[in-house]
Amino acid sequence: VSETAYAEALSRLIDAHRALPLAGVWGDGTTSSSDGQHFFAGGPGEAIADINARHGKEPGVSFYTHVSDQYGPFHTKVIAATAGEAPHVLDGLLYHQSGLAIEEHAVDTGGASDHVFGLMPFFGYRFAPRLRDLPDRRLHLPPGSTLDPLLAPLTDAKAPIDVAHVAAHWDELLRMATSIRSGTVTASAMLRRLSAYPRQNGLAVALREVGRLERSIFMLNWLRDADLRRRSNGGLNKGESRNSLARAIFFCRLGELRDRTFENQAYRASGLNLLVAAVILWNTRYLQEAAADLGVDRDAMRHVAPLGWEHLSLTGAYSWDVDE
């Protein structure tokens, strides 16, 4: 039992799943989404001054999972229930071991920040978050740029992109991206460190300015591209449906974590995700055979998800011999 073994086993399941013809009906494996799922940590002990806005003061953690457009959960990690999700978005994209080649990634509002927007292009990813507060956000333009008068209310004319500051710190940004790519430091550790820096820190400000520019471009694309909105919403819906399957499987001890060490919690998250991936692979394989036997076409199978568990005996079968 180790994280390395879990990661290798998961990658084999994901690669076996994406090799099935039916998986290609749901997506080509180039888009993904990620979301956190909260689990309470039962047992003795109480959280001390550690209050989550959604879940209260009960102790707990979140399993942050990345799911491909083919429903494969190709990465998961444990984060604190009170921690932000945004710093962990890139970890799943950069450090998974499957053969997926992700190009576009979707998150909800909790996984988006200007720093994440700024880092994504350095690794060739398109960021497509579903922003709940989109009407309240403002477009930031390079100095001298203008937009159509219709979009003028969305523009923050008082805070243009500081192009000179970005240019002065461009080499530092490249060194940071190289360190993350090479594994010298993880993306989540670097983003947490940058967010903790004072606001006047040069590198943090430069990455924020790049992120503001990328976010402004994304917002304009979001407003005009219906396919982008559809892909983002569809990917997040797949991740939320996967969470329902994970909740059904994680019934032991009423779905609560009783492990106090981070290492054991990580084993629980990886083991649960491995089981979820196995169920999805099994469902996909036999849905494929059933569709072929019944003559169901590919267009109809696009609306069938491999996330059901009603046909699975999650608690086993018990036979009581009264005579004995």
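How much space lies in the second largest pocket? The answer is about 450 Å³. Of its 21 lining residues, Glu3, Ala7, His75, Thr76 and Ser270 are the closest to the centre. A pocket here is an open set of points on a 1 Å grid over the protein atoms alone, where a 1.4 Å probe fits, with protein on both sides within 12 Å along at least five of seven lines; lining residues have an atom within 4 Å of a point. The volume is the space filled by probe spheres set on the points, which are joined across faces, edges and corners.

Please keep in mind that this is a predicted model, in which local features need pLDDT of at least 70 and side-chain atom pairs count only at pLDDT 80 or more, while totals for chains, interfaces and linings use all residues. Residues are numbered from 1 along each chain as its sequence is written, and side-chain values use heavy atoms, leaving out hydrogens and water.

Helix H10 (262-294) gives the pocket lining its largest share, six residues. Helix H1 (3-18), strand S3 and helix H3 (89-95) each supply at least two. Helices (H or I, at least four residues) and strands (E, at least two) are DSSP runs, numbered from the N terminus.
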